[in-house]
Amino acid sequence: MKKLIAILVSVNYGDILKKVINYNLKIVDELIIITTPSDTTTINLAKKYKITYLLSESCYENDAPFNKAKMINIGLKYIYFNYPNDVYLIIDADIILNKNIRNYISIVNNDEIYGANRYIIENINTNITKIN
């Protein structure tokens with residue numbers, strides 16, 4: 001069975017990431033975090049949970065205020081090399097994955113890219129509001 005690998009960029013979002021990380025670690029086989037060397041909160045969180053993390057300043061290259069795509073590409077290169085035959089998710093640091101996501105992934109075409117609806121969760125245990 002293929003592994004489910006999630007990558008996420010968390011630059012100065014460690015305070016938010018720590019609220020959702022426990023949920024996502026129960027769902028994915030591997031979580032890869034991409035952050036900057038100065039983001040000690042996210043680095044320490046990754047170390048605490050024994051999560052692979054990659055460090056880069058490429059999000060600020062060419063005087064960019066923040067180029068998330070460059071950071072995602074670092075993560076993609078890492079997983080393409082280390083997990084060439086598995087399933088990849090690109091998620092944000094504030095995302096809680098659906099506990100049934102593996103059911104959806106089992107029916108997808110590996111040559112396609114998929115998106116999902118985003119919901120606002122006021123409290124993890126209660127109300128969910130869909131964002132259109």
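## A bridge between strands 2 and 3

Ile32 has Thr52 in strand 3 as its bridge partner. The chain gets from strand 2 to strand 3 by way of helix 2 (residues 40-48), and this β-α-β crossover is right-handed. This model is predicted.

Strand 2 (residues 30-35) and strand 3 run parallel and are joined by four bridges. Another pair of facing residues is Thr35 and Leu55, the latter in strand 3.

## The sheet

Strands of a sheet pair through backbone hydrogen bonds, in either a parallel or an antiparallel way. Here four strands make up an open sheet with parallel pairing, and their order is 3-2-1-4. At the edges are strand 3 (52-55) and strand 4 (87-92), each of which pairs on one side only. On average, neighbouring strands of this sheet are turned by 25° against each other, with direction ignored.

## Helices on the sheet

Helix 1 (residues 14-25) lies across strand 1 (4-9), strand 2 and strand 4. Its direction is at about 155° to strand 2. Helix 3 (residues 68-82) also packs on the sheet, where it touches strand 1, strand 2, strand 3 and strand 4. The direction of helix 3 makes about 155° with that of strand 1.

## Helix 1 against helix 2

Two packed helices are described by the angle between their axes and by the distance between the axes. For helix 1 and helix 2, the axes come within 8 Å and cross at roughly 25°. Angles under 35 degrees count as roughly parallel, and helix 1 and helix 2 are therefore roughly parallel to each other.

On the helix 1 side, the contact involves Gly14, Asp15, Leu17, Lys18 and Ile21. These meet Thr41, Thr42 and Leu45 in helix 2. By type, the residues of this contact are three nonpolar, three polar and two charged.

## Confidence in the model

The average pLDDT of the chain is 85, and 80% of the residues score at least 70. Among the elements of the chain, strand 3 has the highest mean pLDDT, 97. The lowest mean, 46, belongs to strand 6 (residues 128-131).

The pLDDT is below 50 over residues 127-132. In the model, this stretch has 15 contacts beyond near neighbours in sequence.

Conventions: Residues numbered from 1 in each chain as written. Predicted model: local features only at pLDDT ≥ 70, side-chain atom pairs only at ≥ 80, totals over all residues. Heavy atoms only, no water. Pairing = 2+ DSSP bridges. Helix = DSSP H or I, 4+ residues; strand = E, 2+ residues; numbered from the N terminus. Axes fitted to C-alpha atoms, helices over the stretch in contact; angles between N-to-C directions. Contact = heavy atoms within 4.5 Å. Right-handed = clockwise from strand over helix to strand, strands pointing away. Parallel < 35°, antiparallel > 145°, perpendicular 65-115°, else oblique. Nonpolar A, V, L, I, M, F, W, Y, C, P; charged D, E, K, R; others polar. pLDDT = per-residue confidence, 0-100.
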